[in-house]
Amino acid sequence: MSNKVTLIATAAMGLESIVANEVKALGYEDLQVENGRVIFTADVSAIPRTNLWLRTADRVKLLVGRFKATSFDQLFEETKALPWEAFISEDGEFPVVGKSVKSKLYSVPDCQSIVKKAIVERLKKKYGIASWLKETGAFYRVEVAIHKDEAVLTIDTSGTGLHKRGYRIGQGEAPLKETLAAALVQVTNWKPDEPFVDPFCGSGTIAIEAALIGQNIAPGFNREFASENWGFIPQKVWDEAFREAEEHANYDQPLDITGSDLDPEMIKVAERNALEAGLGDLVTWKQMQVSDFKPKKENGYVVTNPPYGERLNEKPEVEKMYRDLGTIMRDDPSWSVYVLTSHEGFESLYGKKATKKRKLFNGFIKTDYYQYFGKKIRSTPTHNKGF
Ligand SMILES: C[S@@+](CC[C@H](N)C(=O)[O-])C[C@H]1O[C@@H](n2cnc3c(N)ncnc32)[C@H](O)[C@@H]1O
C-alpha cells in the first residue's frame, strides 16, 4: 500500500477558507475547497498532524472512495471494489452511518446496510475468513454520504469532534464552539504580544483559544483520536506528531489576554476551564460590566460574542450594551473590534459601519462577524497584564 492518503477536513459553513489556510500552513498543497470540506492528499502522518493541529475543522475523515451511485447494485459493487483492507484491520469494528441529499438512493438505512455488506464481503475475501468478522478490535466509523447521486465513502479519523479539546469542564447558557472561537481569533491580525480582550467572555472560549494560538499550543494535545489505534498508522508516526506539537509550543510567549463578564459565576467557570487547558493564570479574568471597560493600552483587540437579544425582553438591555461598547471604543481608534452577533441593527447601535463583515453560523443561528480595523500606533509594546 502507498502511504499516501486522501483526507477531508470538514468545516462549518463559512469557515472553509479558514480551514484551508490551516491545512496549507501545515505544509499540505493542492487543496480542493468545497462546501463544508477541504480535500487534500498527503502522507499518512497527516492524520495525526491535522487532528492535533487543526483549530477550526470539525473533524478529519479518510476518503476511501467517491463514485456515482444511482442504484443499490452500483453502490454495492463500487463499495466492494474499494481497498478497505488497506485501512480496516481483520478484527476491526466498523459501524456504517449515512446521509443522503437530493439523490435517487434516498433510503439511508438501506444505503448503510448495503455498504456494510459490501465491506464485509471484501474484507472476508481479502483476509480469507469464511465465517463472521469478529469486530472486536479498533474502531472505524464508516460514513456513506450521498449528494446529488455521488457517494462519498469515508472513515472518521477524529472520534469525538475536534471542537472537544478537553478543557471545557464548565459552560454557560450559550457557549461558542471552540472551533468557531478559534476562527474568530484567526481572522484578526492579532499578534500574541498585543492586548486582547473579550468583555463578554462567558465560559472563556475565545480568550482560551486566543491563548492557545498565542503560545502555538496544538488544540488536540490533551485529547485522544479514533485513529490512534489503527494498525496502518505506525505508532512512531503518532509519537512523532505529539513530539512535534511539544516542540512547537512556545510556553515562554508573553500574553496579554483578558476575559471579563458581568456574571461572577461565569468568571469562575472560565478560570476553571483555563486551568484545565493548562494555561494556569496566563489569562486575566475579571468580573465586570461592559460599560466599565476602558482600554488603557494601545493597539489592542476586542474579540467578542455578546448576547444577541433574541428574546424580546432582553433586547433593550442588549442594545444598550452595543451602544456602550461603541462609545467606549470610539475613544481608542488604535483598537480593532470584532463582534459576532445576529442582531441586524448592530452597526447603527455601535455607531459605525464595519470595515468588513463576514456571514457565519453560530450553530443554527445566522450571524454576522462585524470587523472594525484599528489604526495602529507604532510604539514599543508593553507586557504588563490587565488593560
Ligand atoms: C453569548 S454569552 C458568551 C459566551 C462565550 N463566548 C462562551 O463561549 O462561553 C454572553 C455573555 O455576556 C455576559 N453579559 C451579559 N450582559 C453583560 C454586560 N452588561 N456586561 C458584561 N457581560 C455581560 C453574559 O453573562 C454571558 O456570559
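# Briefing on a two-domain predicted model

The protein is divided into domain 1 (4-156) and domain 2 (178-219 + 255-372), with bounds that come from an automatic or database domain assignment. This is a predicted model, in which local features need pLDDT of at least 70 and side-chain atom pairs count only at pLDDT 80 or more, while totals for chains, interfaces and linings use all residues. Residues are numbered from 1 along each chain as its sequence is written.

**The two domains**

- The centres of domain 1 and domain 2, taken over C-alpha atoms, are separated by 36 Å.
- Domain 1 gives 11 residues to the contact and domain 2 gives 11 residues; two residues are in contact if their C-beta atoms, placed from the backbone, lie within 7 Å.
- On the side of domain 1 that touches domain 2 there are 7 nonpolar, 2 polar and 2 charged residues.
- In these classes, Ala, Val, Leu, Ile, Met, Phe, Trp, Tyr, Cys and Pro count as nonpolar, Asp, Glu, Lys and Arg as charged, and the others, Gly among them, as polar.

**Overall build**

- The secondary structure comes to 10 helices and 14 strands, where helices (H or I, at least four residues) and strands (E, at least two) are DSSP runs numbered from the N terminus.
- The protein is as compact as a globular protein of its length, because its radius of gyration of 23 Å is close to the 21 Å that the globule rule gives for 387 residues.
- That radius is taken over C-alpha atoms, and the globule rule is 2.2 Å times the number of residues to the power 0.38.
- Along the principal axes, the C-alpha atoms fill a box of roughly 75 × 45 × 40 Å.
- Of the 387 residues, 41% are buried; a residue is buried if 20 or more other C-beta atoms lie within 10 Å of its own, exposed if 12 or fewer, and partly exposed in between, with C-beta atoms placed from the backbone.
- Among contacts with a separation of 6 or more, 79% are between residues 24 or more positions apart.

**Ligand surroundings**

- The ligand is surrounded by 21 residues, of which the closest are Phe 200, Gly 202, Ser 203, Thr 205 and Leu 262.
- A residue is near a molecule if its C-beta atom, placed from the backbone, lies within 6 Å of it.
- The shell around the ligand has 12 nonpolar, 7 polar and 2 charged residues.

- Strand β1 (residues 4-10) pairs with strand β3 (residues 37-43) in the antiparallel sense over 7 bridges; two strands pair if DSSP finds at least two bridges between them.
- Val 5 has Ala 42 as its bridge partner in β3.
- Strand β2 (residues 32-34) runs antiparallel to β3 and is joined to it by 3 bridges.
- Gln 32 has Ile 39 as its bridge partner in β3.
- β2 and β3 form a hairpin with 2 residues between them, and Gly 36 in the turn has a positive phi of about 75 degrees.

**Covered helices**

- In helix α2 (residues 46-53), 8 of the 8 residues are buried, including Pro 48, Arg 49 and Trp 53.
- The elements that cover the buried residues of α2 include β1, α1 (16-25), β3, β4 (59-68) and α7 (235-248).
- In helix α5 (residues 178-186), 8 of the 9 residues are buried, among them Glu 178, Leu 180 and Val 185.
- The cover over the buried residues of α5 includes α1, α6 (205-214), β11 (301-304), β12 (336-341), β13 (356-362) and β14 (365-372).

- Most residues other than glycine have a negative phi.
- Lys 148 has a positive phi near 45 degrees and lies in the loop between β6 and β7 (150-156).
- Lys 148 is exposed, because 9 other C-beta atoms lie within 10 Å.
- Asn 216 has a positive phi near 55 degrees and lies in the loop between α6 and α7.
- Asn 216 is partly exposed, with 14 other C-beta atoms within 10 Å.

**Two further residues**

- Ile 129 is in the loop between α4 (108-127) and β6 (141-147), and counts as partly exposed with 13 C-beta neighbours inside 10 Å.
- Ile 129 is 39 residues from Glu 90 in sequence and 9.0 Å from Glu 90 in space, C-alpha to C-alpha.
- Glu 319 is in helix α9 (residues 315-330), and counts as partly exposed with 16 C-beta neighbours inside 10 Å.
- Not counting residues up to four places away in sequence, Glu 319 touches Gly 309 and Leu 349.
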